[in-house]
Amino acid sequence: MPAAPFIRQAMLALGISLILSSCRQDDLLRMPMYEPYPLELPPGFPDMPVPDDNPLTTRRVALGKKLFYDPLLSIDSTVSCATCHLQNLGFTDGNRVSEGVHGGLGFRNAPALVNLAWNEDYMRDGGVPTLELQVLAPVAAEVEMGINFKELVDRLNLDPTYPQLFREAFDRDEVDAFGITRALAAFERILVSGNNPYDQYRFQGKTEALNASEQRGMLLFESNELGCTHCHGGFDLRKNGFENNGLYAQYVDSGRTRVTLNPDERGKFKVPSLRNVAVTAPYMHDGSLTDLWQVIDHYASGGKGHPNQSEFITGFTLTTTERTDLYNFLHALTDQDFLQNPAFSEE
Amino acid sequence: MKYFSSKLSIFALILLAGFFTLTSQGCGKKGCMDPDSLNYDPDATKDDGSCEFNPEIMAHFHSHFGADALTYNQNYTLSSGRKVNLSLAQFYVSGMKLTDGGSGYSFDDTYLLVKGDQTVYELGSADPGQYTGFTFDVGVDSAANHSDPSTYETSSALSPQSPSMHWSWSSGYIFIKIEGMADTSAAGNGAVDYPFELHVGMDAMLRNVSLSQALDATLNNEVEIGMVIDWSQFFNGIDMTTPFTTHTMDNMPVAMKVADNVSSAITLE
């Protein structure tokens, strides 16, 4: 049956559209949008938990990194995430508390950003349940970045480069709150540290990774008498949870009570990882201890005896050599690869 | 399969062409042609005006301050004689339901951000029925209260708002946000110079409002539920001679008062 010219044209159009749609299907599977970020976990680490709505893709990580280093995320374009989270300091800033926009001061010490994916709570009082939600906190805080999130979305949509980057990283038309929070969280998830001398000694069979003093310090650290690993044990040198470490007899900062209103949690703060602890001074939730000697001496003292103080803080006695060994061991928790990894650095 | 065979394509196209010929030159069936209607007739070729739609429910919240309509930044005098003005007054509404003897009609997943300078809110369509009242919660239900604002469409009241209605440091919504200036002098006859913030949230601050009114929701009609918010009521029982700002966790007694004042603040028009 001869086809009329009109039908031939229609067939052609139909054929082309079929070819196009089938190409598009193939493309979806290898689309760069969903290319997974090549992440290799250190020996001894469990699988990384990643939320269903935020797969770790190369594009999201790259966009998150750009956002992390961009002061455009603050109201007057002076403060970026990296202002208070410097890579060479284990993503802390070396200050007791941090200065944000308009000279505003925070009221807690900036926490280190490391192995965040394995945390169950965020912020020192655990008020935020996911890394994606955490992004909202410093952006909105008047003493940090001080910008309304909706205004930030509008601002990035007017930027000459961001809309395109968001379209390439997300199946969405423009910059939105979903994209900003997902991209930044994706970048923060790749900030993985697991190659300090202690990791090498424990998980990689490198017995020479720790010197004699550091090995003695390690044994003290892991001993029942000191009990450090009750809270700072496991692959990330911390447990999930909150403790009152007896820093004060009376707390100005109510800690976890601020978000739970439970008086039994007064003075309890999120237990931090000790990874890179030698470069994250000053210490404690308020940055009140300036070096690791003071930290060791605090725990040796047994704390100030607050009613909520952790049962594991009972005090201990160290010889001068032991004190030095413990101090040296804490320095062996510094992961130079992490502090210098160009994948985490500003481009 | 990447391609239809040519023969199959020709066959399909002929069928398609035949269909168009039949429908465009056929007798012309009359009926409702609106696919959004309840009685959409896909075969209809001529709309006969018979389309039926579920009733559309509108909530009107008229903002007052005492006897007057509310205007932002205008001084009002409370019944105590104390002067106050508001620069922002808004709250979330969730769990909205038209009640009747039975299960009523629930507006699931519908959230309103009711603002002091906006009166009309669309709730969407409801099943037709003779309803006897309207009930809702001021605040955000627990499940949504702990959800992630960035996962909502921009059009949703739960997406990031400006000014913000979300506490990013404790991951919860601000149910009620009232800001302005007040006279905090002991005698209550001084200057209106204290900037106050009443930010009320947390699951425990959710407050129910139940209003009884006959609502005849019939097909094709719009039903309007008229309410009045008297924002002055939110100050009931608060000692205004001291700085009375609350962000809930830092001043629970005042936050609790504000929440408890919901029932006297919202009434039928």
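User: What is the accessible surface of chain B, and how much belongs to carbon and sulfur atoms?

Analyst: Accessible areas come from the Shrake-Rupley method with a 1.4 Å probe, and for residues only the protein chains shown count as cover. For chain B the accessible surface comes to about 13,000 Å², and 52% of that belongs to carbon and sulfur atoms. This is a predicted model, in which local features need pLDDT of at least 70, side-chain atom pairs count only at pLDDT 80 or more, and totals for chains, interfaces and linings use all residues. Residues are numbered from 1 along each chain as its sequence is written, chains are lettered from A and ligands numbered from 1 in the order in which they are written, and side-chain values use heavy atoms, without hydrogens and water.

User: Which share of the residues in chain B is buried?

Analyst: Buried means under 20% relative accessible area, exposed over 50%, and partly exposed in between (1.4 Å probe, protein chains only). In chain B, 46% of the 269 residues are buried. Ser63(B) counts as buried because its relative accessibility is 10%.

User: Which side chain makes a polar contact with the side chain of Ser63(B)?

Analyst: A polar contact is a pair of N or O atoms within 3.5 Å; within protein, one must be able to donate a hydrogen and the other to accept it, and residues adjacent in sequence count only if both atoms are side-chain atoms. The side chain of Trp231(B) is joined to that of Ser63(B) by such a contact of 2.8 Å. A polar atom of the Ser63(B) side chain also lies 3.4 Å from the backbone oxygen of Gly116(B).

User: How is an aromatic pair read?

Analyst: A pair of aromatic rings is described by the distance of the centres and the angle of the planes. Rings of Phe, Tyr and Trp (its six-membered ring) pair if their centres lie within 6.5 Å; planes under 30 degrees apart count as stacked, over 60 as edge-to-face and the rest as tilted. Over all chains the structure holds 31 aromatic pairs. Tyr198(A) and Phe329(A) are edge-to-face, because their ring centres are 5.0 Å apart and their planes stand at 90°. Tyr198(A) is buried at 9% relative accessible area, and Phe329(A) is buried at 0%. Phe134(B) and Phe136(B) have ring centres 5.3 Å apart and planes at 45°, so this pair is tilted.

User: Which aromatic cluster holds Phe134(B) and Phe136(B)?

Analyst: Their cluster also includes Phe61(B), Phe91(B), Tyr121(B), Trp231(B) and Phe234(B).
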